[in-house]
Amino acid sequence: MSADSPLSFADALIAWQRRCGRHDLPWQQDADPYRVWVSEIMLQQTQVVTVIPYFERFMQRFPNVQSLAEAPLDEVLGLWSGLGYYARGRNLHKAAQQLMREFAGQFPADQQQLMTLPGIGRSTAAAIAAFCFGQRTAICDGNVRRVLARYAGIAGYYGEAAVGERFWTLAESLLPQASVDIYTQAIMDLGATVCTRSQPRCGVCPVQGACVALREGRVAELPTPKPRKALPEKLSRILLAHDGPWVLLERRPAEGLWGGLWSLPEIPADLDAAAFAACLPGLRLMPVQGGYGDVVPSSPQSQEAEALVGLRHTFSHYHVFLEPWRVAVRRVPGCAEAGPWVWVAAHELTEAPLPAPVRRILQEQWQPLFA
Ligand code: SF4
């Protein structure tokens, strides 16, 4: 395609997709809206190669809307564990229940109705409507915005309303009259495989002849990144209280950070680890024994708690340094699990819905003791 070519942007992309696009992704087997929906949600913020094994495990366990709606949230989050951005998993579960309740388990074909489901925004709804129902709707996710910003030379951060509107208007104006499903896949594929964030392969791009950024030497500066703010740093001390090969975890509230996941409880700022453990129901402290792998020497803070190796984790709005403290405890016999507390055995960690950094701490520094 050249600047004065009669071939439209959409025609060039559709022809390119047929020749060079991706045709064998597991969610492309058919136009089943359930599979397309789950894949679209998993692909938000996550690369295709990471998503594929999660997608396949998810489909094996939850092959349709009904099985997902009827599953316990813990099990859904257990299969999501490691993908991050857990609100996506919680919203999938909620949306499946809403689909059963309000739409008899069937996906609506209309973009606006799809957007009433939790976690489905304008782009995701458009992708489902285009792929599964042949609707003429535009997507404008991160990969697509990168292509459009370069192709049309759009500067400015997408999060600013006026700039965002320019992207949507352009995305809609470029839609073809037919084969919207192939076009949608094409623009996604182009962003993911050719017009990549770094080192785009302009030499094989089907729209190189009309690309403003390429012509003006602005490829590296577009799209305009989000203005940077230094993220604040936080410290979070977390308690690894264990009775031999059983560790005490806390179910986090359904909403908020790591909502619905099982985590090591956070130690309040005004308590040391042992004092906090002593406050928890149904535990009796035991002196910490030596010889626990990579632990660092006991802190003078407490004779009964031992600092393990911490790690830094980055959320979208801040960094946190997780500082784990190990305390050996005995469960008081007859004291049932109650409230948010749950005891998990070392061999059950793989199935448990844990946040990725907590899983790493447990798997590297605690689980091997009981292998
Ligand atoms: Fe992206 Fe290069 Fe194609 Fe322009 S020519 S759309 S910068 S890959």
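This is a conversation about reading a predicted model of a protein chain.

Trainee: Which kind of model is this, and how are residues numbered?

Mentor: It's a predicted model, where local features need pLDDT of at least 70 and side-chain atom pairs count only at pLDDT 80 or more, while totals for chains, interfaces and linings use all residues. Residues are numbered from 1 along each chain as its sequence is written, and side-chain values use heavy atoms, with hydrogens and water left out.

Trainee: How many helices and strands does the protein chain have?

Mentor: Helices (H or I, at least four residues) and strands (E, at least two) are DSSP runs, numbered from the N terminus. Here the protein chain comes to 14 helices and eight strands. Its C-alpha atoms fill a box of roughly 80 × 50 × 35 Å along the principal axes.

Trainee: What share of the residues is buried?

Mentor: Buried means under 20% relative accessible area, exposed means over 50%, and partly exposed is in between, using a 1.4 Å probe and protein chains only. In this chain of 371 residues, 49% count as buried.

Trainee: Which residues touch the most other members of the largest nonpolar core?

Mentor: A nonpolar core is a set of buried Ala, Val, Leu, Ile, Met, Phe, Trp, Tyr and Cys residues joined through side-chain atoms within 4.5 Å. The largest one has 99 residues, and F9, Y34, W37, F58 and L362 touch the most other members. Helix α8 (residues 122–133) gives the most to this core, with eight residues. There's also a second, separate core of 16 residues, which includes L248, A277, L283 and A305.

Trainee: Which strands join β7, and do they run parallel or antiparallel?

Mentor: Two strands pair if DSSP finds at least two bridges between them. Take β7 (residues 319–331). Ten bridges join β1 to β7, and those two run parallel; L240 stands opposite R326 there. Strand β5 (residues 305–307) runs antiparallel to β7, with three bridges, and A305 has V327 as its bridge partner. Strand β6 (residues 311–314) is antiparallel to β7 too, through four bridges.

Trainee: How many residues lie between β6 and β7?

Mentor: The two form a hairpin with four residues between them. To trace it, look for T314 and its bridge partner H319, then for R312 opposite F321.

Trainee: Why is strand β8 largely enclosed?

Mentor: First, the general idea: in a regular strand the side chains alternate between the two faces of the sheet. Now the case here: five of the five residues of β8 (residues 341–345) are buried, so the strand is largely enclosed by the rest of the structure. W341, W343 and A345 are buried on one side, and V342 and V344 on the other. Five bridges join β8 to strand β2 (residues 246–251), and the two run antiparallel. Within that pair, W246 stands opposite A345.

Trainee: Which residues are around the ligand?

Mentor: A residue counts as near a molecule if one of its heavy atoms lies within 4 Å of it. Around the ligand are R150, V194, C195, C202, C205, V207, Q208, C211, L214 and V219. For classes, Ala, Val, Leu, Ile, Met, Phe, Trp, Tyr, Cys and Pro count as nonpolar, Asp, Glu, Lys and Arg as charged, and the others, Gly among them, as polar. By that scheme the shell has eight nonpolar, one polar and one charged residues.

Trainee: What about backbone angles: where are Q45 and S179?

Mentor: Look for positive phi in residues other than glycine. Q45 has phi near 65° and sits in the loop between α2 (33–43) and α3 (48–61), where it is exposed at a relative accessible area of 62%. S179 has phi near 55° and lies in the loop between α10 (161–173) and α11 (180–193). At 31% relative accessibility, S179 counts as partly exposed.

Trainee: Which peptide bond is cis?

Mentor: Check omega for the bond from L222 to P223: it is cis, with omega near -5°. P223 is found in the loop between α12 (212–216) and β1 (233–243).
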